[in-house]
Amino acid sequence: MTDLAAPFALSLDRAAPAALAEQIAAGLRSAIAQGRLAPGARLPSWRDLASQLGVARGTVRAAYETLIDAGLVQALGAAGTRVARRVPVQPQHDPPATAVPSPLPGLVRGSGVFQMGVPAHDAIPAKLWSRLFVRAARTAAGAAPDYPDPRGEPALRAQIAAMLAVARGLACSPAQVYVTGGHAASVALAVQALGLVGQAWTEEPGYPLTRSLLASLGLATVAVPVDAQGLDVAAGLALAPQAALAVVTPGQQAPLGVALAPARRRALLDWAARQQAWVLEDDYLGELQLQGRAAPALGAGIAAARVLHVGTFSKTISPALRLGFLVVPAGQVTRFDAATALRGSAPAPLVQQAVAELLQGGHHLRHLRRMKRLYLQRRDALLACLRAAGITHRAAGLAVLLKLPPGRSDVAVVRAAQALGLSPAPLSSWYVRPGPEHHGLLLGVTNLRVDQAAAHWARLQALIATDL
């Protein structure tokens, strides 16, 4: 058994985009693979290696935990941290696995504490969902074989229309509702069915995937700033008055959480009417307003003939369903019927039938009420931790936003946090042109249990304080 008696030869590049913890883990992984670190070799302690490399102990700890998770090293208490006796071998003939692309540049998708965009794992009504899914499967098995309606199952379209009338003040017929494979599918259907070309307003900051999607559909995106009143319509008029589309999150802006002010709502709809442009309302968290009553959907008024309403079940049931919907003005139904006949974007009928039963039985509404109470408790628990630590922060929908000290890279902090099982999102990645003042962390609260909030925040706070 060999111990490392001399400083381990690791080279760190502080100007590199990779976090220091990632560089340390990569160097040790390479040494193990090349046999320079034999099975059973003892690694330096966190303190010793941190001193040798001139980094914080938390950085070394994050690197070691990455290797422990990979089965390359073992933490043996008093015996120290040692290279595993039997290192997992990756078959040489298999191509290397590639990470699923992330809408946030430079990051890898992954679940964990503080993750945004997913419902609470521990509060999913699994038994109810299983029962409805089995019932839908039995119905589908006994039905005559036929091609499904590309616009979506009639039962689900009717239930979505009823849900929107109650929850969002949006009066529409089932014929105006199109079931899709999620947010991206709805946006693509809208752009292609309407034949939109030219420029599109997007929010700054705003969801990166929306910008990329619009660009792939041939639209030139124009970043319009968001302030405390939501999208700055006057700025949009100055930047691109003849744009064909504006994509907004008016209920709870993503990611800042502000609501579009009434005057801004009117100005946006007036611009669309004058310009004969379209407003695509991404109803981000529209049903999950934690305090007070959510503002009606943009498409709820009589002046909303140019509004397309997009929603999903990702935040309320599960993103794994890949189930969304698009509501179009009554005068556009014929055009969208033709578009869906060609493209057919609706998911499997079995999934649609199960969700239709969830809505029809009132289960979805009761689930939302429980979730809002639970999320409010979890958000309050995190806010209490931040207040106690004297950290400047703000509530932003189902997340809490905190700014980082000057000079700190939010992307570097997030990468290091992922090695600790934490999944905050970097604020700067939501900007087209991020500045030094835009570095911050978005901490999702849906999966932050109240009894664990203080411990998880303490781990993240210690990481923020380290020299990455």
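Me: Ground rules: helices (H or I, at least four residues) and strands (E, at least two) are DSSP runs, numbered from the N terminus. Now, where in the chain is L285 found?

Reply: L285 sits in the loop between β8 (278–282) and β9 (307–312). Residues are numbered from 1 along each chain as its sequence is written. Also, this is a predicted model, where local features need pLDDT of at least 70, side-chain atom pairs count only at pLDDT 80 or more, and totals for chains, interfaces and linings use all residues, while side-chain values use heavy atoms, with hydrogens and water left out.

Me: OK. What's the phi of L285?

Reply: About 60 degrees, which is positive, although L285 is not a glycine.

Me: Switching to prolines. What kind of peptide bond runs from E204 to P205?

Reply: The E204 to P205 bond is cis, and its omega is near 10 degrees.

Me: And where is P205?

Reply: In the loop between β4 (199–204) and α7 (208–216).

Me: What about the bond that joins A254 and P255?

Reply: A254 and P255 are joined by a cis peptide bond, with omega at about 15 degrees. P255 has its place in the loop between β7 (245–248) and α9 (262–275).

Me: On to helix packing. At what angle do α4 and α11 cross?

Reply: Roughly 125 degrees, and the axes of α4 (residues 126–142) and α11 (residues 349–360) come within 8 Å. That makes α4 oblique to α11 (under 35 degrees is roughly parallel, over 145 roughly antiparallel, 65 to 115 roughly perpendicular, the rest oblique). The axes are lines fitted to C-alpha atoms over the stretch in contact, with angles from 0 to 180 degrees between N-to-C directions.

Me: Which residues make that contact between α4 and α11?

Reply: From α4, L128, W129, L132, F133, R135, A136 and A137 take part, and they meet L350, V351, Q353, A354, V355, E357 and L358 of α11. Contact means heavy atoms within 4.5 Å.

Me: How many of those are nonpolar, polar or charged?

Reply: The contact of α4 with α11 has eleven nonpolar residues, one polar and two charged. Ala, Val, Leu, Ile, Met, Phe, Trp, Tyr, Cys and Pro count as nonpolar, Asp, Glu, Lys and Arg as charged, and the others, Gly among them, as polar.

Me: Now α6 and α10. How do those two cross?

Reply: Helix α6 (residues 183–194) crosses helix α10 (residues 333–343) at roughly 115 degrees, and their axes come within 10 Å. On the α6 side the contact uses L189, A190, Q192, A193 and L194, and on the α10 side R335, F336, A339, T340 and R343.

Me: One more pair, then. How far apart are the axes of α2 and α3?

Reply: 8 Å, with α2 (residues 46–53) and α3 (residues 57–69) packing at an angle of about 115 degrees.

Me: Which residues touch there?

Reply: W46, R47, L49 and A50 of α2 touch R57, V60, R61 and Y64 of α3.

Me: How many polar residues in that one?

Reply: None: the α2 with α3 contact divides into five nonpolar, no polar and three charged residues.
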